[in-house]
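Subject: Structure handover

Hello,

Here is the structure for your set. Notes on contacts and a pocket follow below it.

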Amino acid sequence: MFSVKPLKPTFKSYLPPVQTDVKKNIQPPIKKLEAKLLPGEIVVNEVNFVRKCIGADSSQDDLWGKLICTNFKVSFISHDTLPKQRFQISHLLLGEHDIPLTCLVQVVTVNDTKGKKKVLGSNQKLKFNPTELILYCKDFRIVRFCFDEAGPESAKKVCLAIAHYCHPADPQLLFGFEYLGRQYNGSSGEQINGTVPGGGLQTPLFDRPSEWDREIKRTGAAEWRVCSINEGYAISPSLPEYFVVPVSLADQDLKQYSYFFTDKRIPLWCWNHPNGSALVRMASISDPLQQRRVDQRICTAITKSHPQRSEVLRSDLDKNLPNIQEIQSAFVKIRQICVIDPFEESEEKWLSSIENSQWLEYVRSFLKRSAEIVYLLDGKNASVILQEEEDRDLNCVVSSLVQLMLDPHYRSLIGFQSLVQKEWVMAGHRFLDRCNHLKKNDKEESPLFMLFLDCVWQMMNQYPAAFEFTETYLTVLSDSMWIPVFSTFLFNCPRQHAEHLTDFAKSKSIRLGEEKVLHFPPVWDWSQQFSIKDQTLFNNPMYVGKGATCVQNGAVKTFRRTKHKTYSSTLRGMPSALRNGLKDDNDTLTRRSSLVAQLKPDFAQLREVVESPSERFFRDWFSRPADQQGLLIPLLMPSHLALWRLYFLRWVPEACITKGGPVTAYHKLSQLVDEIEMLQSQLRQYKGPTPASTPLSSPRGPPSDQTRMYFKATSPHEPPTTPDCLSSSFPFSPVGNLCRRSVHGTPISKFLNGARIWLSTETLANDTL
């Protein structure tokens, strides 16, 4: 007698399995799917039996659950779970499948049977029942939901709700205001600048004179003072209430000169070099009849602030750098290349497509201009005025990069955050318009801050030991722009911030404290978003800072460097443009041992005969080893700049390299640093604490029971291998983010495969009904 193999079931159930208590034969109730809501968050609409597409080619791994729209986010909850990554950052405000409404670029509905699609806007009607919903996100995610089994009317309502609530008509309709109001009405603890007292060192917000005073003392700017003529925003609506001006300029003169500048933006002090030269930023002078007189008075005051009365040079950024529309266009192109276009059709021309987008060229342009300003301040000992028509966009990028190159303080975590607060938030960068949070005017949208972060990453990539923070920190910071519960990236200027908070407090009858101000928390308190464990992902194991320690003869000592008269570092080449006072913007920065000297023999002979002061400065600087706590200037040949993979490609499954990418080195270095710190602790316990052997404590050091590194040291018996779960997308996971469908063959074969694949994979940005 032969045995018959049981047939495999042909039906797959997407409902959670029912578990039975064997002893009592009782079926436990199925847990109801409910969204986790923050204070002030409400459910606007929801639909059941929704399928979230996980796999690109098959629905086998798709999740079934409920799609919910709240006044804060789009949330998908399911009884099923994705394979949990062992090492993956977890957000305290957002779930695994949550998308903030402010993060949405487009809401696209598709009906496969009718062959229709529509990009939904606010208060629009939908004439067909959607079978699919595709969400394009500002953080480069693309998420797709299918309504195979969902009620058609419910699916339509939730799509319309998402489209409506991601287009708020007023800043006070952003969720952060409701969240803030509930915190004040429900909290009994005193709040200071949005954080609970005793929470450790805080990032200075530069909203009070004392913090500007500390910055003046730190940089040794003795001939500069804090000015308060804009208290109550009496002079300029876009300037902060307090800023720094030359001592020789009286308040009455400043008030008089303010009328001649665009938006009455008086020149702002940014930073002072140890040699006395100052970095200043200012708007254009709107009155041409008064330009010469005002220019002369401002330059005279800046000259008097210099110990050697050095000259003042001006750099007009509007003439030398791309404008905001060009930057936005390049960003849209690179997003199309990295996320939307299929790799199968663009693989052969991918690198040339990245080059043609101009994004990396614009990154290079800003770094090059900043390096030229650094030469004027450090090498020529001259004060520099950065000029832009409104002083609110390009000046923010260049002034920040110059200070980052010159001052190692800004390469620490707290220092970097204070730099962003000082040169972006308080200087009046239009975050509300440039991020397009209200989706009102696409012409005003431009990723200036994202371009700045990319420039910072390029420097980190070339000088990895010079920065206290990691690229994970930069990526998380960029993501925080789309979470509207922090004030940092929500407003166009400090005055708009203050006015909206005052109006909101009155409308909600919120009782204010003694300061009579409603405090909207900034993004810098990372404990609101991440656990202490996940915050260790921000710590760079290679960082060589003032608090770094070493072991000599068994004693733990603080690492100290010898002082030089000027900052030192290494420039791998020099711009020939610098010979003639930065006039020629077409020259490139060349590197040592490059082919430029061979390809241009005339130039090589000229260098032997005549060497400009700028070339001598960079040659001397190049001849010394790079000082990670000194001047840093990036390499600027096109081959030196790279695509920031973690930001642009982290959600792309095809680009995810298992056990590859920078995480492999980060993993080993973190374990090594953790082991060294363990041995240092044991040495201190063995020898006993002494003044000479006790290292300086880190300003943001973890508690005694929490190590500084994310990855812990392994025991000698464990094999030194990289965990299989690590990938080049670490600490993010592309699983669950449908970036593109893997389609084989030519575009015509894709078309012949039917409307379902065609509509779901094509770019829908420019197609509307």
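**Salt bridges, rings and a pocket**

At 34% relative accessibility, E46 counts as partly exposed (buried is under 20% relative accessible area, exposed over 50%, partly exposed in between; 1.4 Å probe, protein chains only). K66 counts as buried, at 6%.

Some ground rules. This is a predicted model: local features need pLDDT of at least 70, side-chain atom pairs count only at pLDDT 80 or more, and totals for chains, interfaces and linings use all residues. Residues are numbered from 1 along each chain as its sequence is written, and side-chain values use heavy atoms, with hydrogens and water left out.

**Salt bridges**

The structure holds 27 salt bridges (a side-chain nitrogen of Lys or Arg within 4 Å of a carboxyl oxygen of Asp or Glu). One of them joins K66 and E46, with the closest N and O atoms 3.6 Å apart. K66 is in strand β2 and E46 in strand β1, 20 residues apart. Strands (E, at least two residues) and helices (H or I, at least four) are DSSP runs, numbered from the N terminus.

R141 and D139 meet at 3.0 Å, N to O. Both are buried. D393 and R434 form another salt bridge, at 2.9 Å between the closest N and O atoms. D393 lies in the loop between β14 and α11 and R434 in helix α13, so the pair ties together parts 41 residues apart in sequence. D393 and R434 are buried. Shared partners join R265, R281, D391, K422 and E423 into one network.

**Rings**

There are 40 aromatic pairs. Rings of Phe, Tyr and Trp (its six-membered ring) pair if their centres lie within 6.5 Å; planes under 30 degrees apart are stacked, over 60 edge-to-face, the rest tilted. F140 and F331 have ring centres 5.6 Å apart and planes at 55 degrees, so the pair is tilted. Both residues are buried.

R141 also lies over the face of W651, at 5.5 Å from the ring centre. The test is CZ of Arg or NZ of Lys within 6 Å of the ring centre and within 35 degrees of the ring normal. R650 lies over F732 at 4.7 Å.

**Second largest pocket**

Helix α7 gives the most to its lining, with ten residues. The lining residues divide into 24 nonpolar, 13 polar and ten charged. Here Ala, Val, Leu, Ile, Met, Phe, Trp, Tyr, Cys and Pro count as nonpolar, Asp, Glu, Lys and Arg as charged, and the others, Gly among them, as polar. A pocket is an open set of points on a 1 Å grid over the protein atoms alone, where a 1.4 Å probe fits, with protein on both sides within 12 Å along at least five of seven lines; lining residues have an atom within 4 Å of a point.

Best regards
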